[in-house]
Amino acid sequence: ITMDNIDDVVTVLGVLRCNWGEVHHLVGVAVTPVVCYLGEIGNADIQPSADEVAEVFTVPLSLFLESERWVHRQGFAPIFTGGPHVIWGLTGYIIHRFVKDILARYRVQCPLNGPRKWVP
């Protein structure tokens, strides 16, 4: 998957609403998270920008729903500790909002497969 063919494989589902004041306070920037569906990525050849991404990995959505895998500290973005890597900062904040606002609210049923990992 590259930026050249991204429109062929990604279905945009919507924009995740965030409290921009909260985001800026926690991580110092404001972004617009877009929720997309990639389909089954299996062993896809994912080629992110090496300047921006050190490693690509997946975490089953079901693990994000397990509250004991999250660390919450006052004044910091939520930290997810249940995958092959710790997820923190802006990424941790966005995933936590997605879990609270979408997965948990609508009681989405998630597959229980283990994490997969790719190193670019």
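This is a predicted model: local features need pLDDT of at least 70, side-chain atom pairs count only at pLDDT 80 or more; totals for chains, interfaces and linings use all residues.
The ring-pair count for the model comes to three. One of these pairs joins Phe64 and Trp70, whose ring centres are 6.2 Å apart; the planes meet at 40 degrees, so the arrangement is classed as tilted. Phe64 also pairs with Phe80, with 4.6 Å from centre to centre and 55 degrees between the planes, and this pair too is tilted. Phe64 belongs to helix α3 (residues 61-64) and Phe80 to strand β5 (residues 79-80), so this contact ties together parts of the chain that lie 16 residues apart in sequence. Through ring pairs, Phe64, Trp70 and Phe80 are linked into a cluster.

Phe64 has a relative accessibility of 8% and counts as buried, because the cut-off for burial is under 20%. Trp70 is likewise buried, at 7% relative accessible area. For Phe80 the relative accessible area is 0%, and this residue is buried as well.

A contact of another kind involves Arg73, which lies over the face of Phe76 at 4.2 Å from the ring centre.

Lastly, there is Lys100, a residue of helix α4 (residues 89-104). With a relative accessible area of 44%, Lys100 is partly exposed, since this class covers values between 20% and 50%. The C-alpha atoms of Lys100 and Leu65 are 8.6 Å apart in space, while the two residues are separated by 35 residues in sequence.

Key:
Residues are numbered from 1 along each chain as its sequence is written. Side-chain values use heavy atoms; hydrogens and water are left out. Helices (H or I, at least four residues) and strands (E, at least two) are DSSP runs, numbered from the N terminus. Buried means under 20% relative accessible area, exposed over 50%, partly exposed in between (1.4 Å probe, protein chains only). Rings of Phe, Tyr and Trp (its six-membered ring) pair if their centres lie within 6.5 Å; planes under 30 degrees apart count as stacked, over 60 as edge-to-face and the rest as tilted. A charge sits over a ring if NZ of Lys or CZ of Arg is within 6 Å of the ring centre and within 35 degrees of the ring normal.
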